[in-house]
Structures are given as C-alpha cells and as structure tokens.
Amino acid sequence: MISAMIKWMQRYEGWVGGGAAACLIVGLYLGLVASPPDYYQGEVVRIMYVHVPLAQTAMLAYSVLFGGSLWYLWKRDPVVDNMCHAAAGLSAFFTAGALITGSIWAKPTWNTWWTWDARLVSFAVMFLILAGYLMLRTFVDDPEREARYAAVLAIIGFADLPIVHFSVEWWRTLHQPLSISMRGVSMSGEILRPLIIMGIGFSAIFAYMLMVRTQMLYLRRLLIAKKGRLLSQAHLSTAGSGSPSGT
Amino acid sequence: MPFFRVIRWVAWKDLVSEIRSRETISSMFFFALIVILVFSFSFSMDQEAARELIAGIIWVAFAFTGIIGLGKSFAAELQNDCLEHLQISPAPKGAVYLGKLAANLLFMLVVEVILFPMFVIFFNLDVVEELPLLLLIFALATLGLSTVGTLFSAMTVHIRAREVMLPILLLPLAVPVMIAAVEATRGALNGLPLSLYGNWLQLLAVFDVVFTVLSFWAFEWIIDS
Amino acid sequence: MIAIRGLALGKSHGHYRVFQDLSFEVAAGECYALFGPNGAGKTTLLRVLATLYRPSNGRFEIMGHDGVAEKDVVRAALLLLAHGSYLYDELDAEENLRFALALRGLAPTDRQIKLVLDRTAIGAFADLKVRFYSAGMKKRLAIAKAMLIRPQVLLMDEPYTSLDEAGMRLMNQYIRDIVKEGAAVLMTTHDRLRSAEVAQRVGVLDKGRLSHITVDELASHAVF
Amino acid sequence: MTRLYLRWSALAVVAVVIAFLASRYFDRHLASFTPEDVVSRQPVAAVRVIGSVKAGTLTGDAAAGHARFDLAGAQDTLPVQYDGPPPDNLRELKTLVVIGRWDPASAVFLAHDIALVTNYGFVVGAYLVGFIPLAFFLFGMERRVTLLYREIKESRLYEPEKSDDVDPR
C-alpha cells in the first residue's frame with residue numbers, strides 16, 4: 001500500500017517540486033518584501049519565515065521516519081525501508097538547517113548564539129539520534145538486518161524526544177529562571193501568511209526530496225542487488241541445463 | 001511459569017559466568033577508578049566546588065562504566081554462537097531480554113555501590129542521612145540506562161565498530177536520565193528537601209517504565225529476524 | 001518430518017541467491033544426508049530450516065507447522081547442532097545442559113543428566129568449565145544435550161567433524177536411536193563412510209539444485 | 001543528463017534573477033548612507049541615513065511628529081528636520097535610520113520617517129543558510145539518480161531476469 005503510494009507520488013513528483021518552488025518564491029516575496037518588520041524583533045523576525053518551516057519540516061520528516069519504521073517492522077517492505085533511510089537523511093539535514101538558522105536568529109534577539117533552551121536541546125538531541133541512525137546504517141553488513149535495527153532505533157528515538165524536551169524544560173527553569181524565553185509571537189496575519197506559505201513550500205519540497213532520495217537509495221540497492229544476482233546466476237546455473245528454472 | 005524461569009536462568013547464567021571470570025565488573029571498576037582520578041586532577045576542588053560538581057562527576061563516571069559493562073553483555077554471547085542459540089530457542093525473547101537486563105542492572109549497581117564510598121572519601125561528602133534516597137536514585141537511573149543499553153548492546157553486537165556505536169546511540173537517548181540523575185543526586189547530596197527534586201525521581205520512573213516496555217517489545221526485532 | 005516446498009534463499013533482500021526452488025521431504029523416522037561441495041548452500045539451508053534466516057521465497061514445514069508463521073512451534077520441535085557449540089565457556093557441562101533445557105522449559109533431573117553425561121563419556125569432566133573442553137568434547141556435550149531434549153526434528157551441520165572414532169560411533173548410535181523413536185534427521189556432511197551407516201536417503205546440493213542418489217551410489221559419486 | 005542540467009540551469013537563472021531583484025530592492029529601500037556620504041555626495045533622491053542622535057540637540061515636539069535634531073556620524077553631523085508620524089524610537093544617543101531627502105538650499109535633511117537599525121546581515125545569512133545547501137543537496141541527489149539510471153542501463157542490468165521472485169519491488 002505504501003509502495004503504491006510511493007509509486008503514485010513518484011509519478012507526480014514533478015508537480016510537487018514545481019509547486020514547492022512556486023510556494024517558496026511567493027513565500028520569499030511575502031517574507032522579505034511584503035510583510036512589515038515585527039514591533040519587538042524588528043527585521044530579524046524575517047528569519048522566522050525560514051527557520052520555523054525548516055524546524056517543522058524536520059519534525060515532519062522524523063514523523064515520516066517513525067511511521068515508516070513501524071510499517072517496515074510490520075510488513076517488511078524494502079521500499080519502505082528505503083523511504084525511511086531517505087527520510088532520516090532529510091530529517092538530519094533539515095534539523096541541522098533549523099539549528100543553524102535558529103542560532104542566527106538567537107544572536108541579534110537574545111545576544112547569544114546558543115542557549116540551553118528545551119527546544120534547542122531537543123533538536124540537538126534529535127540531530128544526534130539521526131546522525132547515530134545514519135551511522136548505524138553504514139555499519140551493518142546485512143541489508144535486512146540493517147533495516148530492522150534502523151527501524152527499532154528510529155522508534156526508540158522518537159519516543160525519547162518528548163521526554164528530552166520535558167527534562168530540559170524542567171532543568172532550565174531550575175537554573176536560569178526564564179531570563180530569556182520565547183515571547184509569544186503575536187500571530188498577526190502579516191506574519192502568519194508568509195509563515196504558512198513557506199511551511200507549505202518546505203513541506204512540498206520535502207516530499208519532492210523524499211521521492212528523489214528514496215529513488216536514489218532504491219536504485220543504488222537495485223544496482224548492488226542485480227550485480228549480486230548476476231553473480232548468483234553464475235553460481236546457480238549448471239553448464240548443461242542453461243539458466244535455472246523460475247518459480 | 002516458564003517465562004519467569006527463563007528470566008531467572010538467563011540472569012543466573014550471566015551472574016555465574018561473571019562470578020567465575022570477574023571480567024566485566026573488574027574492568028568496569030578500574031575504569032571508573034581512573035575516571036575519578038582524572039576528574040579530581042582536572043578540577044581543583046574545594047568543598048564548595050565539590051558540592052556543585054560532584055553529582056555530575058558521579059554520573060559521568062557511572063554512565064561510562066555502565067557502557068563498558070553493557071558492551072560486554074552481548075559480546076559475551078558471541079562466543080560459541082550463543083546468541084544464535086538464544087534466537088532459535090523457543091524461549092520467549094522478552095524473557096531473555098529481562099534476564100539480560102536484570103544481570104546488567106545488577107552489575108552496574110554493584111560497581112556503583114563499591115564506587116560511591118570512594119567518591120565520599122575522595123571528595124569529602126556528607127551522605128549518612130540521605131543514603132537510602134541516594135540508593136533509590138542510583139537504582140532508578142541505572143535502570144534507565146540499562147533498559148535502552150541492553151537493547152542497544154544486542155543491536156550493536158553484530159555491527160562493525162560496535163565499541164564506538166554503543167555510546168553514540170545510547171548517550172543522546174539517555175539525556176533525560178542523566179539530567180534527572182544529576183539533579184536528584186545533587187539535591188540529595190546537598191541535603192535539600194525531597195519536594196525540591198522529587199519530580200526528577202518521577203521523571204526517572206516514567207523513563208524506566210516507557211523504555212522497559214518499548215525495549216521489551218523491540219528486543220524481538222533485534223535478536224530475531 | 002520436514003517438508004520443503006520451492007524454498008529459495010536470496011540473502012540480503014535478494015542481493016545474492018544461495019539456492020532456489022528446493023523441494024524435498026524428510027519423513028519421520030528417516031535420516032537424510034545432504035552432500036555438496038563447499039559453498040553450495042548446505043549450511044545456509046540448515047540455518048533457514050532452523051529459523052535463523054527468513055527464506056526469501058517458498059515455504060517449509062516442520063511437523064506440519066509453517067516455518068515462518070509458526071516459528072515458535074517449530075522452534076520447540078527442532079534442534080540444530082551447528083558448528084558453534086552454543087555452550088557458555090564459564091559454565092560446566094551440567095550447568096550448560098540445565099541452561100539449554102531451561103530455555104526450552106525443561107528441567108532435567110540429576111539422574112538424567114548423569115546418565116547422558118556417562119553415555120557420552122564426559123561424565124568425568126562434568127565439573128570442568130567448558131572453556132577447557134576440546135572441540136570433540138564440546139560435540140559430545142552437544143549430543144548429550146540432544147539426548148535430553150529428544151527433538152522431533154534434528155538438524156545437524158557436519159556432525160562428525162572433530163569427533164574421534166568412538167565419538168563418531170556414539171553419534172551414529174544416537175542417530176539410529178532417535179530415528180527409531182520416529183524423529184526426522186537432516187544432516188550435512190562430507191563423510192561418506194559414516195553417513196552411509198545411518199542415512200536412508202542421500203541428496204547432493206550443487207549449484208543451487210538438489211539431486212537424489214541412493215546410498216549405494218554414494219561411494220562412487222564424484223561430485224564432491 | 002542534459003535534461004537535468006537544463007532544469008537546474010533554469011533554476012539557477014531564476015535564482016540569479018531573484019538575487020538581482022533582492023539586491024536592487026536592498027539598495028533602493030534598505031541600504032543607508034552615513035552623514036559623511038550625504039555631506040560629500042549631496043544626493044538628490046530620497047535616501048536613508050544612519051547615525052546617532054547627538055546628545056542635547058533634540059528639540060521640538062517628538063510626540064506630535066515634529067522634531068529637530070543633529071544626526072552624528074563618525075565625523076560629520078547632519079541637521080535633521082523631522083515631520084512625520086510620531087516616532088517610537090526617537091531618543092537622544094539612539095542609533096537609528098532617518099528616511100527623507102537632502103535639501104541643499106537650507107543644508108537641512110528633511111526626514112519623513114524613522115526606522116530602527118536592523119541586522120540585515122543576520123537575515124541574509126539565515127536565508128542563504130536555509131536555501132543554498134538545500135539547492136546543492138537536491139542537485140546532488142538528482143544528479144546521482146540520473147547517474148545511477150545510466151549505470152544500470154549501460155551495464156545492461158535492466159534486462160529482466162528469468163526468475164524475478166526476490167526483486168525488492
């Protein structure tokens with residue numbers, strides 16, 4: 001079922017990519033030109049229009065990874081495994097992007113590049129988990145085992161993130177009693193509009209990238225598999241009877 | 001109940017092996033000693049600084065020694081392909097997991113109980129009245145480390161670079177455990193009222209329950225195809 | 001009994017196909033010896049049947065239970081004697097036996113354990129850690145384990161290696177006994193003489209295909 | 001391969017156009033002069049000038065939107081006559097941007113708006129960090145897909161095997 005969905009999405013991936021590009025261009029215009037500067041944050045608020053969608057997309061990608069991992073353990077579909085691998089790579093990429101843009105936003109706003117805020121730490125931990133996930137995948141020799149281990153790791157890590165968030169939040173209130181906290185940003189329409197458009201754009205470009213990357217990993221595996229199977233053709237075929245009969 | 005018998009036998013097997021070889025506990029113990037030594041050199045500690053830092057030092061030492069023990073836990077099963085045997089034996093995999101978990105927990109706790117007096121002596125701590133509470137904190141946090149740790153030990157045993165991968169996978173996940181353990185230990189050592197750090201104990205308990213259940217469920221996917 | 005229908009194994013999501021489309025049966029009360037050159041996939045086949053690997057295609061049944069869907073039932077019915085001895089180095093013979101049986105929910109009595117250790121002639125070393133056992137002694141201990149478990153299906157990977165003359169006789173005696181009791185035995189081996197003593201049927205696995213030969217042909221067959 | 005490069009060249013052209021428009025927009029609406037620039041270059045069009053309000057020079061009714069003050073740069077100061085909406089941020093010693101035109105006749109800068117100094121560098125940096133790696137990442141992936149397709153074709157591996165039973169779908 002997921003395979004069919006992936007196939008269906010791959011057929012229309014061009015539209016998704018084009019739509020994403022259009023959304024991003026409109027979002028850029030809205031965010032950089034059309035929207036006014038924020039009353040408190042000034043022009044720096046425009047960083048939000050790229051930072052928030054990056055963070056949301058990273059979480060979306062991890063959710064896809066989580067769902068795909070559950071699905072893989074249930075159905076053992078290698079294409080879903082490829083999709084999970086792709087989603088993990090993308091999630092790590094977007095997490096890194098969100099962390100860096102967040103850091104750039106924090107410098108003029110909080111006058112510091114990094115602070116041990118719950119959200120920041122959860123994202124850093126998420127990045128580390130994803131990096132561990134990608135490393136794990138390169139260190140397992142047997143692809144079936146690789147997929148299984150990776151799926152378990154993704155699920156365990158996903159369950160961990162809320163607990164990390166809570167623990168850091170408590171820890172922070174203990175040590176630096178809310179000297180700098182995120183002010184509830186007044187979500188006026190002028191701020192909301194570019195945020196939503198950019199959010200849609202980034203989600204769409206994530207979907208597009210997911211398709212491309214799944215395809216890439218699938219092709220790579222196919223190439224290895226086919227080469228391996230040519231080898232096993234040599235192994236299996238006998239000189240007299242030609243190629244082996246199929247099932 | 002065959003389920004509980006399997007738990008008992010797996011844990012018993014690990015304990016007997018350990019008592020006879022003393023491989024894991026002694027390596028954990030000496031590693032931790034070295035960690036204590038290095039820390040006491042790298043921070044010039046007076047009484048005041050010690051009170052602030054000691055909880056963190058204790059838990060860094062405990063976490064890394066724990067990782068040594070956890071890494072050896074399933075590496076030992078590779079000898080004579082015993083891990084394969086666990087896979088194809090009809091025993092419930094969850095029971096095998098709980099048995100291994102019990103053994104790992106016990107090893108780590110033994111090492112911690114031996115080490116803690118050394119911290120007390122080296123860093124002049126005053127712990128008499130808080131001892132039961134400290135033991136509870138140690139037990140809860142060590143359980144948290146070893147639930148996921150046992151699972152990841154089984155996971156990393158078959159892969160390349162397993163000694164590196166175990167801490168890389170385990171420590172980010174253990175961030176809540178470390179925070180909670182350090183804060184609770186600090187509170188207990190400084191003699192604060194329990195109400196100030198009681199919620200950390202709750203967090204540890206929640207973490208333990210969530211990850212015992214999850215790892216119990218996931219272990220089957222790790223050890224069996 | 002073991003029934004194998006169209007079994008194929010492509011290891012690793014189909015990266016490399018070890019064998020394909022195997023079909024044969026081993027009836028209850030029968031000993032089947034599987035020959036074949038190195039790398040033919042004999043051991044892999046045994047490991048698939050022992051539920052260590054998932055087959056990528058086809059199915060097999062052990063005692064009428066599907067080998068993938070009803071793994072737990074299958075595992076309770078069969079025993080694999082593999083290259084690895086499945087013994088813990090720090091435990092002695094008796095403890096190893098008790099542990100292995102406990103995983104199957106069995107609890108042998110002291111008398112039973114003493115009996116099998118004596119029958120396999122390692123009773124004198126029963127208190128010695130397995131770490132100090134030779135490969136042959138480990139194999140004997142594995143026979144002792146099998147005697148206690150009395151599996152309905154016994155899979156053996158090269159049962160004669162590292163056993164001495166008496167050990168091979170012991171092994172064959174054990175195989176004859178268990179076959180008489182109605183177990184199905186599937187072994188891979190290179191030892192034509194020894195296996196000819198106990199095997200009722202012989203197969204040759206080569207290049208992923210299985211051909212049956214009679215026990216009498218075994219001596220003159222030139223594949224391996 | 002060609003199609004991939006064509007598509008990405010088109011994208012690159014779009015990116016260049018956007019960058020050009022953005023820099024034009026920045027020059028016209030956001031880049032600011034210093035008081036020295038104004039004094040030496042005597043611009044005719046409306047400009048933005050950045051400087052700090054010199055202490056003790058702020059006079060007039062700022063709350064009503066009329067004020068006079070001197071805007072100090074590194075060396076020169078610029079007399080400013082402000083008439084516009086009541087500004088929030090007009091205080092002495094405050095660094096800000098005044099928007100208006102230079103009147104050479106009276107040698108006074110006639111300002112009609114006041115803006116805060118903003119960190120455009122951070123905004124630009126964040127957007128570049130957000131988009132450029134994304135583009136390179138995506139380009140690398142698509143290129144790799146194309147290369148893999150070609151490799152599979154050239155090694156003639158795409159021909160279906162007789163028994164495709166274990167194909168990873």
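This is a predicted model: local features need pLDDT of at least 70, side-chain atom pairs count only at pLDDT 80 or more; totals for chains, interfaces and linings use all residues.
## A loop residue in chain C: Arg150

Arg150(C) sits in the loop that links helix H6 (135-149) to strand S7 (153-157) of chain C. Here helices (H or I, at least four residues) and strands (E, at least two) are DSSP runs, numbered from the N terminus. The phi of Arg150(C) is near 50 degrees, a positive value in a residue other than glycine.

Residues are numbered from 1 along each chain as its sequence is written, while chains are lettered from A and ligands numbered from 1 in the order in which they are written.

## Another positive phi in chain C

Thr51(C) is not a glycine, yet its phi is positive, at about 65 degrees. You will find Thr51(C) in the loop between helix H2 (42-49) and strand S4 (57-62) of chain C. Thr51(C) is buried, with 24 other C-beta atoms within 10 Å.

## Chain C as a whole

Chain C holds 8 helices and 10 strands. Its radius of gyration is 17 Å, close to the 17 Å that the globule rule gives for 224 residues, so chain C is as compact as a globular protein of that length. That radius is taken over C-alpha atoms, and the globule rule is 2.2 Å times the number of residues to the power 0.38. Along the principal axes, the C-alpha trace of chain C spans about 45 × 40 × 30 Å.

Of the 224 residues in chain C, 46% count as buried. Two residues are in contact if their C-beta atoms, placed from the backbone, lie within 7 Å. Among the contacts in chain C between residues at least 6 apart in sequence, 68% join residues at least 24 apart.

## Where chain C meets chain B

Which residues make this contact? There are 24 residues from chain C and 21 residues from chain B. On the chain C side, helix H3 (71-77) and helix H4 (93-103) each supply at least two residues. H4(C) gives the most to that side, with 4 residues.

The side of chain C that touches chain B divides into 13 nonpolar, 4 polar and 7 charged residues. In this grouping, Ala, Val, Leu, Ile, Met, Phe, Trp, Tyr, Cys and Pro count as nonpolar, Asp, Glu, Lys and Arg as charged, and the others, Gly among them, as polar.

## Chain A, built from helices

Chain A has 7 helices and 0 strands. Of its 247 residues, 49% count as buried. Residues 24 or more positions apart account for 80% of the contacts in chain A with a separation of 6 or more.

Let's look at one pair of helices. The axes of helix H4 (residues 78-110) and helix H5 (residues 118-139) of chain A come within 9 Å and cross at roughly 145 degrees. Such axes are lines fitted to C-alpha atoms, for helices over the stretch in contact, and angles run from 0 to 180 degrees between N-to-C directions. Residues in this contact include His85(A) and Leu99(A) of H4(A), and Phe123(A) and Arg137(A) of H5(A). By class, the contact has 14 nonpolar, 5 polar and 1 charged residues.

## Chain D and its neighbours

In chain D, a closed barrel of 5 strands runs S1-S2-S3-S5-S4, with mixed pairing. Two strands pair if DSSP finds at least two bridges between them. Neighbouring strands of this sheet are turned by 50 degrees against each other on average, direction ignored. Strand S3 (residues 77-83) and strand S5 (residues 108-116) of chain D run parallel and are joined by 3 bridges. Val80(D) stands opposite Phe109(D) in S5(D).

Among the 5 pairs of chains that touch, chains A and D have the most contacts. Here 30 residues of chain D are in contact with 36 residues of chain A. Helix H3 (residues 120-154) of chain D brings the largest share of the chain D side, 19 residues. By class, that side has 18 nonpolar, 5 polar and 7 charged residues. No contact joins chain B and chain D, whose closest C-alpha atoms lie 17 Å apart.

Conventions:
A residue is buried if 20 or more other C-beta atoms lie within 10 Å of its own, exposed if 12 or fewer, and partly exposed in between; C-beta atoms are placed from the backbone.
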